[in-house]
Amino acid sequence: IKMDSQGNYLPDNSTSWVMVRDNVTGLIWEVKTDDDSIHDKDNTYTWCDSNTDTNGGHAGTCSDGTDTEDFVSALNAESYGGSSDWRLPTMEELRSIADCGRQSPAIDTAYFPNSVLPYTSKYGGNSYYWSSTPATDRDTGRAWSVNSRDCHDGYIPKEDSLGVRAVRGGQPISSDHFVTNGDGTVSDTYTGLM
């Protein structure tokens with residue numbers, strides 16, 4: 001559902017909106033713009049998480065105003081969309097809005113415009129979007145991301161500058177939300193689907 005800057009729902013045919021609510025997950029997503037604001041599609045950030053409980057053993061490349069932690073803090077400081085609980089999405093959350101049946105972009109542009117940009121770095125610049133998930137099983141100096149151009153994911157060095165799409169609400173989705181029921185079925189504890 002498209003939403004305005006106050007968090008009000010808008011009709012599907014609205015031509016101006018700043019957030020999108022996913023009715024399956026309950027998550028509310030930031031929409032990228034093309035207006036030189038903090039939400040501009042061209043902005044890129046290094047990965048930073050100063051919390052030792054969640055950063056996978058490596059805080060990343062934290063710098064003055066140009067890292068993911070600074071971006072999220074700025075959104076929360078301005079109470080973007082009337083809320084101050086914005087965060088970086090988990091890898092599973094970021095995958096939940098990708099549409100791997102599409103290419104360039106691999107996302108529904110009717111709700112997420114301004115999502116794919118030209119390659120600007122070794123790893124595709126802001127065609128890749130950071131997740132909050134560190135790649136602890138491979139290299140603590142890397143974190144997971146999703147390429148909005150072709151739906152690929154990858155673990156990229158935390159010092160690279162990538163795009164960021166903030167999210168809020170819901171319970172963070174992790175990869176361990178599937179339960180084998182022992183009868184040939186699997187339940188998704190996040191959505192309730194079997």
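This is a predicted model: local features need pLDDT of at least 70, side-chain atom pairs count only at pLDDT 80 or more; totals for chains, interfaces and linings use all residues.
1. Strand E5 (residues 142-147) runs antiparallel to E6, and five bridges join the two. If you want a spot to look at, Ala-143 stands opposite Ile-156 in E6.

2. Both strands belong to an open sheet of three strands, ordered E4-E5-E6 and paired antiparallel. Strand E4 (128-134) and strand E6 (153-157) each have a single partner strand, so one side of each is left without a neighbour in the sheet. On average, neighbouring strands here are turned by 40 degrees against each other, direction ignored.

3. Next, the cysteines. The structure holds one disulfide, formed by Cys-48 and Cys-62 with their sulfur atoms 2.0 Å apart. Cys-48 and Cys-62 both lie in the loop between strand E3 (28-30) and H1, so the pair ties together parts that are 14 residues apart in sequence. The torsion about the S-S bond is about 90 degrees, so this disulfide is right-handed.

4. It is worth checking the two ends of that bond separately. Cys-48 has 5% relative accessibility and therefore counts as buried, the cut-off being under 20%. Cys-62, at 41%, counts as partly exposed.

5. Finally, the largest pocket, which holds about 240 Å³ of space. It is lined by 13 residues, and the closest to its centre are Asp-49, Thr-54, Arg-87, Leu-88 and Ser-132. Helix H1 (residues 68-77) gives the most to this lining, with three residues. By class, the lining has five nonpolar, five polar and three charged residues.

Technical notes. Residues are numbered from 1 along each chain as its sequence is written. Side-chain values use heavy atoms; hydrogens and water are left out. On a 1 Å grid over the protein atoms alone, a cavity is a set of points where a 1.4 Å probe fits but cannot get out, and a pocket is an open set with protein on both sides within 12 Å along at least five of seven lines; lining residues have an atom within 4 Å of a point. Grid points are joined across faces, edges and corners, and a volume is the space filled by probe spheres set on the points. Helices (H or I, at least four residues) and strands (E, at least two) are DSSP runs, numbered from the N terminus. Ala, Val, Leu, Ile, Met, Phe, Trp, Tyr, Cys and Pro count as nonpolar, Asp, Glu, Lys and Arg as charged, and the others, Gly among them, as polar. Two strands pair if DSSP finds at least two bridges between them. Axes are lines fitted to C-alpha atoms, for helices over the stretch in contact, and angles run from 0 to 180 degrees between N-to-C directions. A disulfide is a pair of cysteine sulfur atoms within 2.5 Å. Buried means under 20% relative accessible area, exposed over 50%, partly exposed in between (1.4 Å probe, protein chains only).
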